[in-house]
Structure formats: structure tokens, C-alpha cells
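Here is my note on the model.

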Amino acid sequence: MSLKCHDESRGLVARMRLGSASLWMVCCLSTAALAAAPAKPGAEVGPALSDRIVAVVNDAPITWFELLQRTAAVARENRVAESPALRKQVLEQLIDQRAQVQAARQEGIVVSEEEIDNAERVVAGNNKMSVASLRAAVAKDGLSVLSFRQQLSDQLAVQRMRERFVSADSRSSQADIDAFLEAQAAPDGAAPPPQLQLAQIFFPIREDATAAEKDAVMASVERVREALNKGESFAALAVTFSKAPEGANGGDMGVRDVADYPALFADATAALAVGAVSMPVTSGAGVHLLKVLGRPLAKAQMTANQTRARHILLQTGPQLSEQQAVQTLRDVRAELLAGKRDFAALAKAYSQDGSAAGGGDLGWVDAGAFVPEFEGPMNRLAVGEVSEPVVSRFGVHLIEVLDRRRVPLSEEAQNEAVSNLLRQKAADEAFAKWTVEARARAYVDIREWRE
């Protein structure tokens, strides 16, 4: 739920709490791509191959360079080697994304230069560098600044489209809210949990497969099971071996209603604890290894995480560059850790927002209250820990977490939270349908290539 700031004098603090989660998604994606991009793929495979087109979505090409770059990111994240099979899965993802971007543009989604600038600044902050340093790193990795900014624009366009499916005016009925809460409060031994998150490693078997071919598949299944027993990552093995579309994402099939999973899957995992892997499950399509990633627990009373933190904010501009602000707060942090200075006194003297008078204290806030580039680093701090300088759209911060707690929601707040969950679920379903339709409408020409 959003947290309203009732004190207008807090000014910048209030605006910090109005950040869009979409920007955080964009920055996470872009940061990961930056960190995992191969060093100059074009230089590795030669300029001609680098520019080679491997697919066209309507009139938008996908180059060999782009495919290598994204594959490297997926391989690095899942700690697996790149392979032709992985590249084919990643190519399908790129095609889907290109179709979504084009459909979003056709729906009238426009991303301004200011929004791209803001996203670029946040990506730079998440990587603890200036925008100039970010652009230099992008160029070093073989990607032009123009192409990098286009990627940011594309991601923002799709996210804006997703947000269109969330209707702020629609509210769930009290009957729907009560039904949700009753399902959450179901006693042990009753119906299965209302939702389930599974991952799978899928080994297809053709209907006309010979006995020898079936034996070969089962041998592969057993090799993967042995690897799992030795402690290898399920996600990494899914990237390498699974033939399902979600294999490139570690096999994660997402959180769904139990009824939305095949009954075979629900039955095979009903008695498994979170983190456990099933025995091989045979369907008409092949063999599946299933891992339980999550199983929402029934709760009669919903609770919320709250954090109490304080900060020192230096606003950047003509008088103080971002680099200077970062260095100043690094020096301040060193003195704080050495016990030479008092955080509250420094905040009163130097912090440039409405919290300064209270020693930088931001009070108790719910999750999601602050802009993502501030809240992310704050959430990673232990109680009593002081952060490194954190760059946000408002300046540079030094953050200290004072305490954390879980609090029960009031009936009104609980109803609002459930209504938001149900509204988001409906939006997710509508967006998923839209993505399928976007791909179906697109003209896709996949070119053959040799490794």
C-alpha cells in the first residue's frame, strides 16, 4: 500500500515516496544486462557476423550481436555455459519482447527523453558510477549509447503498457475480499493452498519415439537427478537441459492458482516442502522434474513489514556534482564508523530535505513507500548499519536503518491490500493475454545461422 505524507514541510521526502516500481524493473534489467554483457561481442565474432540479422520481427531486426549479448547475460546469471540450445531460447525471448514493444508503440505508448534520462541516471547509480562512466562502460562492452538508451525506452514502453491494465478505479467486492481471506485462513489438512509456484525441467518424448529413444531420454533425466543430488542448481540445470519455454529463466513457471497447474503437477508436488524436487513425472508430452519454489501460507491476519530509517541527503547541481557528493558522504561515513561524528547531528547540519530538523529520521514506513533506488539499498542494510552513498533521482544519500518490525493490518488496510492484490492479478492476466496476442500478430522471420 502507498504511504501518504501528511507533513507538507517534508517536501522532498514526500516526493521520494512517489516512485514508480516500473522504473526499478527497468533499472534491474538494464543493470543486469550491463554487468553481464560480453566484452565487445562484435570483436569476438568479427564485424560481419556481429551485424548479421538472425531474425526480423515485423520490420525490426535482431542481430547476432544482440543475441550474443543477451545470451551472455542469461548464462552468467544462471552460472551455465552458453550453448546453441540456450541461444535459441533467448532468441525466442527477444522476439517476444520486440513484438511487445512494437504493440505498445501501436497502442500510443510514448516514452519521453526525460524518462529515459531518469532511467539512465538510476542505472548509473545502481552501478555506483556517474552517467558519463556508465556510457563509457556501455561503449567498452560494444554497445552504442544510442542503442543502450533505446533498450531503456523499449523496457519503459512495455512497462507503461503493463500499467494500463491496472485499473485504479476498479475495486473488488467485499465478497471477493472475504473469499480470499477465508482461503488464506484455511486450516491445515483442508484444501491445497490457493497458490503454488513451481519450476520444471522438461524432457520431451515424441509420440512415435522408439524404445531406444525413450531410454535415452530417461538416461538424461537420471543424469540431471544425480546432478541435483550433488547440489547443483536446479535453475542452472533447467537452463541447460529443459526444453520448455521457461527453461531460459531457470524453469520458473510463476505463481499460479493450484487449479491453473496441470492436475498431474499439483498431485506430484502436493506433499513436497518448499525447495523439494519431485520424482520424474511422466505426461503425454514427456518427463518433468518439478521443484516447489513457493507455497503461500494460510494466514488469518495479514501483516506488513515496516522499516524505520534516517538519512543524510545532498542534492546535486551546479554547485555540487554527483561525484563530489558521493566523495563527501564517503568521508562522512568513515567518520561515523570510527565513532567520531553523530548521525543525527550531521543530518541536522547538512541534510537538504524536510527530515533534517529531526536528525534525518524518516519515521516508520511500509514497504514500497520510497522510490526503488532508495528503498533497494535500504532493504539490504542490517539494523544499525550505515550504507555506502546511494544515488537516487533526488541526490545522494547516506542511509542508516534504525529498526524493523512487522505490524498487523487494520481491517480497512487489509481490505485495501487484498483489493490491490486481486486487481494486480487481474491486470497480470490481461497483460499476459496481450503479450500472447502481440506475438501472434507479429510477422516473424527467423533466419538460419551456423554457430
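**Notes on the fold**

1. Alanine 55 has isoleucine 446 of strand 11 as its bridge partner. Strand 1 (residues 53–57) and strand 11 run antiparallel and are joined by 3 bridges. Helices (H or I, at least four residues) and strands (E, at least two) are DSSP runs, numbered from the N terminus. Two strands pair if DSSP finds at least two bridges between them.

2. A word on the basis. This is a predicted model, where local features need pLDDT of at least 70, side-chain atom pairs count only at pLDDT 80 or more, and totals for chains, interfaces and linings use all residues. Residues are numbered from 1 along each chain as its sequence is written, and side-chain values use heavy atoms, with hydrogens and water left out.

3. The open sheet has 3 strands in the order 2-1-11, with antiparallel pairing. Its edge strands are strand 2 (60–63) and strand 11 (444–446), and each pairs on one side only. Neighbouring strands are turned by 20° against each other on average, direction ignored. Helix 5 (residues 64–78) packs on this sheet and touches strand 1 and strand 2. The direction of helix 5 makes about 60° with that of strand 2. Contact means heavy atoms within 4.5 Å. Axes are lines fitted to C-alpha atoms, for helices over the stretch in contact, and angles run from 0 to 180 degrees between N-to-C directions.

4. Strand 7 (residues 303–314) is mostly covered, with 9 of its 12 residues buried. Buried means under 20% relative accessible area, exposed over 50%, and partly exposed in between (1.4 Å probe, protein chains only). Strand 7 pairs antiparallel with strand 10 (residues 395–408) over 12 bridges. Threonine 303 has proline 408 of strand 10 as its bridge partner. Strand 7 also pairs antiparallel with strand 8 (residues 361–366), over 4 bridges. There, arginine 308 is the bridge partner of tryptophan 364.

5. The largest nonpolar core has 22 residues. Such a core is a set of buried Ala, Val, Leu, Ile, Met, Phe, Trp, Tyr and Cys residues joined through side-chain atoms within 4.5 Å. Ala104, Leu134, Phe148, Leu152 and Trp434 have the most contacts inside the largest core. Helix 6 (84–106), helix 7 (113–126), helix 8 (131–140), helix 9 (145–164) and helix 17 (411–441) each supply at least two of its residues. Helix 9 gives the most, with 6 residues.

6. Which residues does tryptophan 434 contact, leaving aside its neighbours within four places in sequence? They are Gln100, Ala103, Ala104, Glu107, Met161, Phe165 and Arg441. A second, separate core of 19 residues includes Ile62, Leu68, Leu86 and Ala99.

7. The axes of helix 7 and helix 9 come within 10 Å and cross at roughly 105°. The two helices are therefore roughly perpendicular to each other (angles of 65 to 115 degrees count as such, under 35 as roughly parallel, over 145 as roughly antiparallel, and the rest as oblique). Among the residues in contact are Ile116 and Val123 of helix 7, and Phe148 and Leu152 of helix 9.

8. Alanine 259 sits in the loop between strand 4 (252–257) and helix 13 (263–269). Is alanine 259 buried or exposed? Alanine 259 is exposed, because its relative accessible area is 73%. Alanine 259 and leucine 196 are 63 residues apart in sequence and 9.3 Å apart in space, C-alpha to C-alpha.

9. Overall, the protein chain has 17 helices and 11 strands. Buried residues make up 44% of its 451 residues.
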